[in-house]
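Have the chains in view before you start.

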There are 2 protein chains.
Amino acid sequence: MNLVILAPIGAVVALLFALITGKGVMKKSEGSEKIKKIAGAIRRGANAYLKRQYKGVAIFFAVVCVILIFMAVAGFISPFVPVAFLTGGFFSGLSGFIGMKIATYANSRTVNAATNSLNAALRVAFSSGTVMGMVVVGLGLLDLSIWYYILNAVYAGLPEAERIAEITSAMLTFGMGASSMALFARVGGGIFTKAADVGADLVGKVEAGIPEDDPRNPAVIADNVGDNVGDVAGMGADLYESYVGSIISTAALAVAAGLGVQGVSLPMAMAAIGIIASIIGTFFVRSKESASQKELLFALRKGVYISAVIIAVVSFFLVRYVLGPEHIGVYFAILSGLVAGIIIGYYTEYMTSDSYKPTKKLADSTETGPATTIISGLALGMKSTAVPVIVVVASVLISYFAASAGAPADSTFNMGLYGVGISAVGMLSTLGITLATDAYGPVADNAGGLAEMTGQPPEVRERTDALDSLGNTTAATGKGFAIGSAALTALALIAAFTDEVAKIPGAGTIDLSIMNPPLLMGLMVGVMLPFLFSSMTMNAVGKAAQSIVMEVRRQFKTIKGLMTGEAEPDYESCVDLCTRGAQKQMLPPAIVAVVAPILVGVILGPSGVVGMLAGATGCGFMLAVMMSNSGGAWDNAKKYIESGAHGGKGSEEHKAAVVGDTVGDPFKDTSGPSINILIKLLSMVSVVFAAFIVNFHIL
Amino acid sequence: MNLVILAPIGAVVALLFALITGKGVMKKSEGSEKIKKIAGAIRRGANAYLKRQYKGVAIFFAVVCVILIFMAVAGFISPFVPVAFLTGGFFSGLSGFIGMKIATYANSRTVNAATNSLNAALRVAFSSGTVMGMVVVGLGLLDLSIWYYILNAVYAGLPEAERIAEITSAMLTFGMGASSMALFARVGGGIFTKAADVGADLVGKVEAGIPEDDPRNPAVIADNVGDNVGDVAGMGADLYESYVGSIISTAALAVAAGLGVQGVSLPMAMAAIGIIASIIGTFFVRSKESASQKELLFALRKGVYISAVIIAVVSFFLVRYVLGPEHIGVYFAILSGLVAGIIIGYYTEYMTSDSYKPTKKLADSTETGPATTIISGLALGMKSTAVPVIVVVASVLISYFAASAGAPADSTFNMGLYGVGISAVGMLSTLGITLATDAYGPVADNAGGLAEMTGQPPEVRERTDALDSLGNTTAATGKGFAIGSAALTALALIAAFTDEVAKIPGAGTIDLSIMNPPLLMGLMVGVMLPFLFSSMTMNAVGKAAQSIVMEVRRQFKTIKGLMTGEAEPDYESCVDLCTRGAQKQMLPPAIVAVVAPILVGVILGPSGVVGMLAGATGCGFMLAVMMSNSGGAWDNAKKYIESGAHGGKGSEEHKAAVVGDTVGDPFKDTSGPSINILIKLLSMVSVVFAAFIVNFHIL
């Protein structure tokens, strides 16, 4: 039986579960008129931003689409490519949009629930995260299924091997659309959220001396909008793309490995099982009142672990059934991905949570001022790359050798690559629930903001704070997970590129030797790209934040009675400035990501592209891990000091910690996570433009 | 005629010129007793540090030497290897030692000359730099010549091809010794100098509010000692190793390219010509009184350009004569290296000098505080990687294709690699004078310190300040140059490693495909190493600085009358603390550099090592460029503000700039430059342990 059918079933189940959970959230009360009013302002700001962003992105998609149509007419690519590209972008955007919608409805309901109990608040925030998680995996799998069945029907006349090759080729373009959209969502949302955050802090906290989330700060609504458009919509689009990318690249590798339609069905069936396991897991997430930080974390983790165990057990039988007992090595590839994801998550927590030594030592370094805080934080991030890379390397080698064990000599290599691809699918199979634990964070963060702005009693704020601070840890864990899977997927995509080139008539064989000068030089360029890209995204935040600083200063100066609470600030102008800043600044880095592989390909040829992809994947992985972990540790070191260590709030140590946190903001929420998408988008663009590069290159 | 004979002649000329110049410096008067006293304290501190460092390093060398002897007995390596290793280390250390000696004699003489005129001070400081430059190239070439002639005599019985193969193999070990010594000198010296600098600033400037170089600051002598042991002795050992490494690796590639003894003689003859050209260049360095910053810079540059033109002209005839007109493409390889070095130097100046937009914009970012200063500075450094990498890539491709043009098909590849190697030699051929313009900086810096501590009239301090601030630019240029040549040399050394493996009986061929999993995973590990290494060196500075902070605070508290100038601080205890801190902290990163290639080799095999070297070279290049340029720009942004911009000294902007500068200190003077050596040492260790790895590896 062809188990591809599991995919649409899983997708529908996920979407139904999201619908039910979402309805449950909507049934809760929003609370007082004041909460409603502010929550409404946040919601309007977020909608306005997304509307504007999608308009800007639409132009980009239109331009690329026209280029793709020309290429399709010229015969370089299949006529399905432009359509697949558009749908990938559409669904990636839709995932982010729905996730953001529910988050902007759940924030007020979480505050209101927090007036009752910690568990009630946790359930609302987590349910909102669950909707997001289920929408991402549900839509991802649904789109893949639809394309699979359409293309299968169109190419019904072809022999199986060719048919599947055509299907997976077209699907890779679908991935390119999703990646492009994800890049805009992550970069644009990341710029918005951090510009608002940095701008609000620099003037509000540092200059005017008013607390965080104070309603007198004109940028406070923009800051809360930012959590939704950056941490929710951006992350949703990002992980939609990771999820879909890992499945597609594995499917593409199945062809070369000679596994045929069975090899294609396995990752899709795995994903479906992951959905069911994630749904089961969500039922185990609940907490008692007065739970400690550790207990709360365990409450969330329990769900993930239960899902992981279910997947580990069921996938054994799945592999046996789909590929047969002779390919049981593939199961160990899945297992190694699953375990690697969990280890990276744990290690990320160790490096960035103030319950452990590294972040505590970072907090110590605030005693000698901001400079040593920065040095220590950067060093922490750099050091933290070692364990994840070793875990990924071990996982790749285990996957490769386990999957290729016993395969006939001529398919050892391709079976091994298939193993690497499926280990990424294994790692991401728990995405439904992992994403739920991650996406609940910004909702809790927003709820905290609402509690502050509406003057809730202290115990409410304490409850939302407990949830929020936990959200920092799950966010860091989620980022480690996103980066790890991105590295695995990108490696699989490099193989997909060489396969694609091999299929092009007259391409000849690529010289893949690392001593081949164009390849080695491509590698040098590839290693540089994440640095250049991060520089652009960091500067973008800086520029956008600058305009917020000016605006907030202007309002403090010109609006009379603002500081005494007699007059209201003009929140909308800040939201608008952030929106415009993000729109303007997100284009240049996106263009680099799309143009670089084509330019490198035209100058250095296909082997230069392979080198570039390897270099960018390796270096991008390190930089993303470093930035996420430095940023996470700075944030938690600041929170640790605010909880009373090293002199507490207002001390010189706290000021130094705030400097660290502010540097860490674009690190962990803009530049770092964007790199994940960069490395995959580079590969996707290379695959789609492979025929063009083969036909027009200098070296 | 065998032009190798030019090498010892050039070496002797360089050393004689150094001797004459050095005597000229020593003849100048040291000035007042007060200057003598403080200069004496600096000299004693520097000597004490180096003595201690060499002792510590001796243990490391003894351990490695014993391992090498065992390996020689086991037949993995030639019996010359342990001896070559020791001499490489010895001469590298000697270069640094002599350079530091003259610098500690020239600082007082520079202040004294500055009481007369700017030109007089420039001449003394530059002469001291010239001694250093000439000693480095002279000793480098001398040692190479001696080894060449000894080995040539020992292997006289072998046919030419085998004889040269044996000679170049043994010489590579010589390079490993030099690299190991350079690593300790750079890392240890870098830790010392920045711990003292950061420690002195954090307590003196920030807490006690006394100016830089104030004699009341107990860490002020340590700070000045640091300039000598880090920026002079460390840099000397570093560039000795770069110089020797580029010549050796090119010579090693000559064998595979089938150029025989002629191919070996070319880089050595080139180096000799570079020495003569550099000496001629030094005579053009002089300045008029009241020279502007730009005129001063041009005074220094003129010497370098004249040398470069001489080399560009003479090497054309040299290549024609040595290799014959059919290999004239090799000349263009040399030329491309020479030009690339100059472009990278220029671009580095553009990114880091406050005469241009990037650093001015960085200074603007201080208006919104330390956090935006850090973000902008990091973004500047990241962005600044793009141009150097494109220049290096272009230079490699030009060298490769120019040198291999017209070669028979079976030697195209090896001729191309030889071209890459010789382009590094071309880049470094002006080292004699480039190093002179670079090494003069710390002398001027020290002179400024002496002027402050001995209370010289303001015009003296102005003159030394003019020289010092220029030194920042030449130091940044020198670093760009060091990194560029390191990247080229490291690429050539990767080829030397594969050649070495190919020579081992029973090694088989290495699978060099980038899709070969052990190679690709080696690449991931390689990309990680510069991050891990930098994290260690940055933390080392932090820890050592912490102890200085405590000690300075203690002295301020316990020594009565210190702040009023009635009592003297205990300078020696700070020097001693820095020394001990540097000794303790320099070992772990050095061990990583030596152990990593062996460990990777044993687990992933020779192809894993190739991947690791490629990854480390690519990523190390970016990280080194980024750190050097961020650090340089922060330093100059601070100086720009101190000169009156953005509120000048004491303003909030200035405080933010000081934070940037303090973060930049370990970036540009410890971690960044150490990476150059790391990437070459990794290759050298791989080459020396090649036979061991081939015989004992898992994958």
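Predicted model: local features only at pLDDT ≥ 70, side-chain atom pairs only at ≥ 80, totals over all residues.

Residues are numbered from 1 along each chain as its sequence is written, chains are lettered from A and ligands numbered from 1 in the order in which they are written, and side-chain values use heavy atoms, with hydrogens and water left out.

Student: How many residues does chain B bring to the contact with chain A?

Tutor: Contact means heavy atoms within 4.5 Å. Chain A gives 66 residues. Chain B gives 66 residues.

Student: What area is buried between chain B and chain A?

Tutor: Buried area is the accessible area (1.4 Å probe) that two parts lose on being put together, summed over both. Carbon and sulfur atoms give 88% of it. The area is about 5,900 Å².

Student: Which three residues supply 13% of the area that chain B buries against chain A?

Tutor: They supply more than any other three residues. They are B:Met515, B:Met524 and B:Phe531.

Student: How many salt bridges does the rule find across the interface of chain B and chain A?

Tutor: A salt bridge needs a side-chain nitrogen of Lys or Arg within 4 Å of a carboxyl oxygen of Asp or Glu. Across this interface the rule finds zero.

Student: Which residues have the most contacts inside the largest nonpolar core?

Tutor: Such a core is a set of buried (under 20% relative accessible area, 1.4 Å probe, protein chains only) Ala, Val, Leu, Ile, Met, Phe, Trp, Tyr and Cys residues joined through side-chain atoms within 4.5 Å. The largest has 535 residues. Those with the most contacts inside it are A:Ile514, B:Tyr418 and B:Ile514.

How values were computed
Buried < 20%, exposed > 50% of the residue type's maximum accessible area, 1.4 Å probe, protein only.
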